[in-house]
Amino acid sequence: MASHFARWTLVQTKAQVHRLPLQLVEHSASLAERRRRRYLAARTLLAELMLRVYGIPQLPDIRLADGGRPCFSDPDLPDFSISYAGNVVGVLLAEEGCRAGLDMEIVRAHSRQTLEQYLHSFSSGEKAWINAQNDPSEACTQIWTLRQSILKMTGEGNSGFDALRLHPASGRLRSSTLADIQAICDVEALMVWSCALSPGTDRLQLWEYDDSEGWNSLQSINVYSLNMGPRALRLTSLPAEKQHYYS
């Protein structure tokens with residue numbers, strides 16, 4: 001099964017909203033201009049992805065789940081997650097019956113003080129892995145991005161921060177909320193991204209969207225590949241019998 005990660009680098013042109021429900025567009029009028037632009041662009045990207053993958057011509061109704069996480073009102077439709085980084089909007093669309101969590105961060109966008117705050121909240125295993133990397137600042141951003149994608153998937157947000165432990169050196173993670181999670185994170189020239197997925201997903205399709213040029217397929221990632229790139233990380237949930245050992 002495949003999940004789809006699409007991103008769109010915004011320019012000054014306004015997003016086309018013809019695939020969006022009228023009430024969603026009207027609701028956005030109350031938002032500040034920059035936030036409104038990103039809000040509409042993200043939902044337009046989601047609508048275009050739903051059209052490409054499922055042939056659905058208009059974005060289905062969206063509601064807010066517990067904790068404020070957006071989801072489709074129809075429970076039979078796939079799960080999705082939205083993220084922003086600079087002028088890039090991203091959408092992760094899960095395979096049917098699976099869950100998704102997406103986070104994106106601009107490389108070196110955070111101050112030294114912010115990275116130190118992140119480090120302070122990480123576990124000893126996470127800190128040890130970060131300090132062992134050639135670029136600890138980049139590695140710190142990578143761990144933060146991984147964490148945020150998983151917390152979006154579980155719906156906890158930062159309230160679940162302490163219930164999540166990553167073990168990047170062994171490729172494992174532990175969440176007290178969901179027993180089975182896998183997460184893929186990669187560092188590109190300008191951006192770090194992380195996709196948290198259900199274990200049933202075996203392929204992640206990456207797309208780039210442009211409102212004038214349309215779709216560009218970037219790559220198809222075999223989730224179970226042993227070599228996804230020099231700076232890519234894949235973490236999977238610990239077996240139940242080892243959860244207590246790593247807690």
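User: Cys195 lies in strand S10. Why is Cys195 called buried?

Analyst: Its relative accessibility is 0%, and buried means under 20% relative accessible area (exposed is over 50%, partly exposed in between; 1.4 Å probe, protein chains only), so Cys195 counts as buried. The model is predicted: local features need pLDDT of at least 70 and side-chain atom pairs pLDDT 80 or more, whereas totals for chains, interfaces and linings use all residues. Residues are numbered from 1 along each chain as its sequence is written, and side-chain values use heavy atoms, with hydrogens and water left out.

User: What does Cys195 touch, not counting residues up to four places away in sequence?

Analyst: Contact means heavy atoms within 4.5 Å. Cys195 touches Phe5, Leu92, Gly101, Leu102, Ser149, Gln182, Ala183, Ile184 and Leu204. For Gln182, 13 residues from Cys195 along the chain, the C-alpha separation is 8.4 Å.

User: What is the order of the open sheet of 6 strands?

Analyst: The order is S6-S10-S9-S13-S8-S7, with mixed pairing. Strands are DSSP runs of E, at least two residues, and helices runs of H or I, at least four, numbered from the N terminus.

User: What makes S6 and S7 stand at the edges?

Analyst: S6 (100–106) and S7 (164–167) each have a single partner strand, so one side of each is left without a neighbour in the sheet. Neighbouring strands of this sheet are turned by 15 degrees against each other on average, direction ignored.

User: How do you know that S8 and S13 pair?

Analyst: Pairing requires that DSSP find at least two bridges between two strands. S8 (residues 172–175) and S13 (residues 233–237) are joined by 2 bridges and run parallel, so they meet the cut-off. Leu173 stands opposite Ser237 in S13. Helix H5 (residues 136–154) packs on this sheet, touching S6, S7, S8, S9, S10 and S13. The direction of H5 makes about 150 degrees with that of S6; axes are lines fitted to C-alpha atoms (for helices, over the stretch in contact), and angles run from 0 to 180 degrees between N-to-C directions.

User: Which strands stand at the edges of the open sheet of 5 strands, and why?

Analyst: The order is S4-S5-S1-S11-S12, again with mixed pairing. S4 and S12 (214–222) each have a single partner strand, so one side of each lacks a neighbour in the sheet. The twist averages 20 degrees from one strand to the next. S11 (residues 203–210) and S12 run antiparallel, joined by 8 bridges, and Gln205 has Ser220 in S12 as its bridge partner.

User: Which helix packs on that sheet?

Analyst: H2 does, touching S1, S4, S5, S11 and S12, at about 40 degrees to the direction of S5. Glu48 is found in H2.

User: Why is Glu48 called buried?

Analyst: Its relative accessibility is 10%, so Glu48 falls under the limit and counts as buried. Beyond four places in sequence, Glu48 contacts His18, Arg19, Tyr209 and Trp215.

User: What makes up the lining of the largest pocket?

Analyst: It has 16 residues, of which His27, Tyr39, Arg43, Leu64 and Pro70 lie nearest the pocket centre. H1 (22–28), H2 (33–54), S2 (62–64) and S4 (80–85) each supply at least two, and H2 gives the largest share, 4 residues. The pocket holds about 420 Å³ of space.

Key
On a 1 Å grid over the protein atoms alone, a cavity is a set of points where a 1.4 Å probe fits but cannot get out, and a pocket is an open set with protein on both sides within 12 Å along at least five of seven lines; lining residues have an atom within 4 Å of a point. Grid points are joined across faces, edges and corners, and a volume is the space filled by probe spheres set on the points.
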